[in-house]
Amino acid sequence: MNSYHAIGRNSYLDAARSFFKSLLETGEVQSLLVPLRQDRTNDIMPTLVTDPEDTDKADPFSPSFPLNSAKLVSRLTRKKNRKRVAVFLRPCEIRAVVELVKLKQADMENLVIISSDCFSAFPNSVFNTGFREKGEEFTNEYISARMSASFTDDYNGSISEACRICTDPFPGIADIVINPDHSDAKQVTVESKSDAGGHILAQMGLDEAEPPKDGKEKRKKVMEELGRNREETFQSIQEQTADLEKLGVFFSSCVNCYNCRVACPVCYCRECVFNTDVFDHEPLQYINRSQTRGSLRMPSDTMFFHLTRMIHIGLSCVGCGQCANACPNDIPLSGLFMSVADKAQKGFDYTSGGSIEENHPLSCFFEDELNDVTGI
Amino acid sequence: MENFEPRIIAFVCNWCTYTAADLAGTSRKKYPANVRLIRVMCTGMVDPKYILKAFLEGADAVLVSGCHPGDCHYINGNFKARRRMKLLHEILPNFSIPKERLRLTWIGASDGIMFADTIDTMVDQVRKLGPLNEDKRMVI
């Protein structure tokens, strides 16, 4: 099933672009959603490309991560249609798509998932001040540095918290994986990971190549490093939020803008309960609440909102870190949500985005289970 | 906390535990007044938000109680409730709300005595744990 091919050009990005171009030229897919450098501004945004020539600005390896594209995949696939679409996604975006498929918000039937080993992302605030202007040369420079030092390079300080504690930067479910080559050959290795992917690659007439040799060892090293970071971060977050009072301090700068909810790929309700009449309290209610406590922090219901979000998405959280990225007041939400999600998922022996077949824990039940939950 | 009287919110299902509470009353079986009963049609309709709201608004403990497995009036509402409680049991202890403060029990319609005993035990346990939020100002 797995076949390997190599594409060599002047730079990693050129090699990847020629792959995307010939992918569209095969006609196997009608459109391609890929991060693309926008004219004039240099912003890198997911762009739905149908003209093969337009892939010449694709920039899939950049550390820019303005939004989780899983929500866009949901928009593209939530209703059946016969046009096949290919999407380039980071591993965390794939996990979010898998969760959305299980929640009936997306469909994989006419979807071709292309991914790569993730080189981590910068928060928007970091990428947009200094790195965006450098253009595509920076992307090539960044991946070379990242690969040669196996993720312990100088850029480590710039990457976002969620990426520093990522649960899995390697794509699990994908049809095609395209990776910059670890040698200095300025080429990309393209690997088919499914029958559909293999079929598409066969149409493209690429040169066969040997599978990369040192992959496994490097992966193990990266995973160990991330695991250590995760342990450290979770411990510090748990100390910071050990009880409700401390949690209140943690959220004290929250302004209830709900950006974290909007940015979250697995928070999918069309109308969130926090936007409904339920939270249109009577004016008198605020005064009453203040009177029982002496004072009431406004806007209220902040902690209620975040705790509810933990309950709603804890089992589906894929650790993409977009909640923290979207926060206008820099609350380190990703560490908190990932640490809570880790506990919740372990409790149900569930891994979000792991497989399509595995049921979401709250969508099923068994008669004889969880007997330790009941009783006094 | 010498004179601490815990406040317990209990979500009880119409068909089993509420009837059991009624039976405890008609059989003159006493149980502590610390518990405030909220009758719901089924434990399966107890949204985790109700429980969070109770804790954030000053409850020291929450009890959810319904029909025994297999006895649910709506066939499987209590199984769904059990999964949600499991999720809350994984998440709330991160913020010092231990499992002892959030209980799920099955109390059938004829178990009036068991209902009174459950409330007795729970009030004792929560009294030992002490109040949940002494400084409630930040908590909401």
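## Close-up views of a predicted two-chain model

**View 1. Helix α2 (residues 48-56) of chain B lies across β1, β3 and β4 of chain B.** Helix α2 of chain B runs at about 150° to β3(B). "Lies across" rests on contact, meaning heavy atoms within 4.5 Å. Angles run from 0 to 180 degrees between N-to-C directions, with axes as lines fitted to C-alpha atoms, for helices over the stretch in contact. Helices (H or I, at least four residues) and strands (E, at least two) are DSSP runs, numbered from the N terminus. The model is predicted: local features need pLDDT of at least 70, side-chain atom pairs count only at pLDDT 80 or more, and totals for chains, interfaces and linings use all residues. For reading the labels, residues are numbered from 1 along each chain as its sequence is written, chains are lettered from A and ligands numbered from 1 in the order in which they are written, and side-chain values use heavy atoms, with hydrogens and water left out.

**View 2. Chain B has an open sheet of 4 strands in the order β2-β1-β3-β4.** The pairing in this sheet is parallel. Two strands count as paired if DSSP finds at least two bridges between them. At the edges sit β2 (35-40) and β4 (102-106) of chain B, each pairing on one side only. On average, neighbouring strands here are turned by 20° against each other, direction ignored. Take β1(B) and β2(B): 6 bridges hold this parallel pair, and Phe11(B) has Ile38(B) in β2(B) as its bridge partner. Another helix, α1(B), lies across β1, β2 and β3 of chain B, at about 110° to β1(B).

**View 3. Cys16(B) and Cys67(B) form a disulfide.** Their sulfur atoms are 2.4 Å apart, and a disulfide here is a pair of cysteine sulfur atoms within 2.5 Å. How many disulfides turn up over all chains? A search of the whole structure finds 1. The link of Cys16(B) and Cys67(B) is right-handed, with 105° about the S-S bond. It joins distant parts of the chain, 51 residues apart: Cys16(B) is in the loop between β1 (8-13) and α1 (17-26) of chain B, while Cys67(B) is in the loop between β3 (61-66) and α3 (77-91) of chain B. Cys16(B) and Cys67(B) are both buried, where buried means under 20% relative accessible area, exposed over 50% and partly exposed in between (1.4 Å probe, protein chains only).

View 4. Cys118(A) counts as buried because its relative accessibility is 12%, and Cys267(A) counts as buried because its value is 17%.

**View 5. Helix α14 (residues 333-347) of chain A packs against α3(B).** The two helices meet at an angle of about 140°, with their axes 8 Å apart. That angle makes α14(A) oblique to α3(B); angles under 35 degrees count as roughly parallel, over 145 as roughly antiparallel, 65 to 115 as roughly perpendicular and the rest as oblique. The crossing is right-handed, which is the term for a near helix turned clockwise from the far one by less than a right angle (left-handed if anticlockwise). From α14(A), Val340(A), Lys343(A), Ala344(A) and Gly347(A) meet Lys86(B), Leu87(B), Glu90(B) and Ile91(B) in α3(B). Ser339(A) also lies in helix α14 of chain A. Ser339(A) is buried, with a relative accessible area of 3%, and touches Phe234(A), Ile237(A) and Gln238(A), not counting residues up to four places away in sequence.

**View 6. Strand β4 (residues 85-89) of chain A is mostly covered, with 5 of its 5 residues buried.** Val85(A), Val87(A) and Leu89(A) are buried on one side, and Ala86(A) and Phe88(A) on the other. Strand β2 (residues 31-37) of chain A pairs with β4(A) in the parallel sense over 3 bridges, with Leu33(A) partnered by Val87(A). β4(A) also runs parallel to strand β5 (residues 111-115) of chain A, joined by 5 bridges; there Val87(A) stands opposite Ile113(A).
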